[in-house]
Amino acid sequence: MTGNDAWLNNYLVVGALLFSLGAVGFLTRRNLIVIFLCAELMLQGVSTTLVGFSGFHGTWGGQVSAIFSLALAAAEAGVALALFVMLFKRGFSLDVSIWSDLREEDQPPVEEEPLGDEPVEKPREWPHLAPAGRLPERQSAGTSVGGAAVAGAARHEPVTAGEGAGHHG
Amino acid sequence: MTGLPRLERGTELMAGPSLWGFAPLFAAGMLDGPLAQYSLRVLGALLPLFLGVFLMLPRGGADRSPIRWLGAALVVLSLVLLVTFPLTSADGAVPDSAATTLWGLPQTISCYTFHALAFVSVTAAALMITARNPVYSALWFSLVLLSNSGLYLLQGADFLSASTIIVYAGAIVVTFLFVIMLAQPNGAARYDRFAREGLLSAVTGLLLSGVLIAALHLVLRTEPRGPVAGIASRPADSVVTIHAAANRNSLLASHPHVAGLGRTLFTDQVVSVEITGLLLLAAVVGAMLIAGHRTEESHDRK
């Protein structure tokens, strides 16, 4: 199915919005990985535009270009993630501003806004599964299954054995 | 299928061959009555989006602060405005349709599908660039990819839609997640919780998207409406249009699906395919060389 003018307009609007949002994220964030994700978002905006044009003209050219941009994004992600791993090994941080000494020699240093003094957030406590039932007691070597059942029955009525309660307490 | 659109240039728009030709274009657009109105309305409809993004940007504080919710509400409001708010009063914003809104479409099923997918895509993009945790950024990005592949499917790009899900969301985003977990084992770092130059960036984004959409509108507006009589009657037409017509008659008609795409890829674009393969090989070798290299510090720590 090929589109008409209205479809082309809509796809171009979506592409423009994705591209602009990616640009905003690229400019504002400090984390290397998030910056790179924002660059990928800009590529997505361009791909949406290309697909819109492909449907509009009824040709394969836009889709072929979008496929090439997909392959390009894959290659780019591979190299960039390898770089991030190496930079993290050296600097123990993913902050872009600590790598500002990679600039040209005659360039003045970039004046960064200072980070707020909010303490680093603690690792988040994720919910974990509640233990199901109690741990099985270690059975001695001679106890059979029937003996375990008898012991379980005895646990339900601890009052009957007075010296047993003293031992367990 | 409507008639083939013309690609001829509007005479009053392209004043010069250079980029500066756009300056009198936009000056004229600002002075012109309906165009000035249109540009202001586009900026007004986009303003809540970038204001919401600015409010949602991390600047310390709790993750779920009310300001962040307010920003998300503004983003949704802006998208609703794009669909409902009439941007032109006199004639349609889009030629060949009676729509007066930016996202106007004929009321069909695919219209609603498009609106839902575009909503999800743009909202997830706004949430992605403002998430504190990079893991959440990657997950929102995969949602953007999923909805975008739905958009591709609406345009008949089946293979591209499937490969976006498989390659992008299935491989690239997962690799991102691996690196995030490798490099950020404990919690959100301080540099994730403070954006820099949020206001300036939001204004930049507003102006960028406004200029893009206004330029698109100007180009679409100057194109002739209605079906074009025939290509043969316009011998001085641009090469692109004639090529599109030829392809529409031959390739897409005879091979409407992946077969046609494969034929285009491996006949017209075969050199590009080979070069792309070379690029991927170089990227693999480079990535192994970069990441496999062990620095002295890490060697000493072992």
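Helix α3 (residues 61–91) of chain A packs against helix α11 (residues 270–292) of chain B at an angle of about 10°, their axes 8 Å apart; axes here are lines fitted to C-alpha atoms over the stretch in contact, with angles running from 0 to 180 degrees between N-to-C directions. Helices are DSSP runs (H or I, at least four residues), and strands are E runs of at least two, numbered from the N terminus. That angle makes α3(A) roughly parallel to α11(B), a label for angles under 35 degrees. Residues making the contact (C-beta atoms, placed from the backbone, within 7 Å) include A:F68, A:G78 and A:M86 of α3(A) and B:S272, B:L280 and B:I290 of α11(B).

The model is predicted: local features need pLDDT of at least 70 and side-chain atom pairs 80 or more, while totals for chains, interfaces and linings use all residues. Residues are numbered from 1 along each chain as its sequence is written, with chains lettered from A and ligands numbered from 1 in the order in which they are written.

As for chain B, it comes to 12 helices and zero strands. Of its 302 residues, 33% are buried (20 or more other C-beta atoms within 10 Å of the residue's own; exposed means 12 or fewer, partly exposed in between).

Methods:
Parallel < 35°, antiparallel > 145°, perpendicular 65-115°, else oblique. Contact = placed C-beta atoms within 7 Å.
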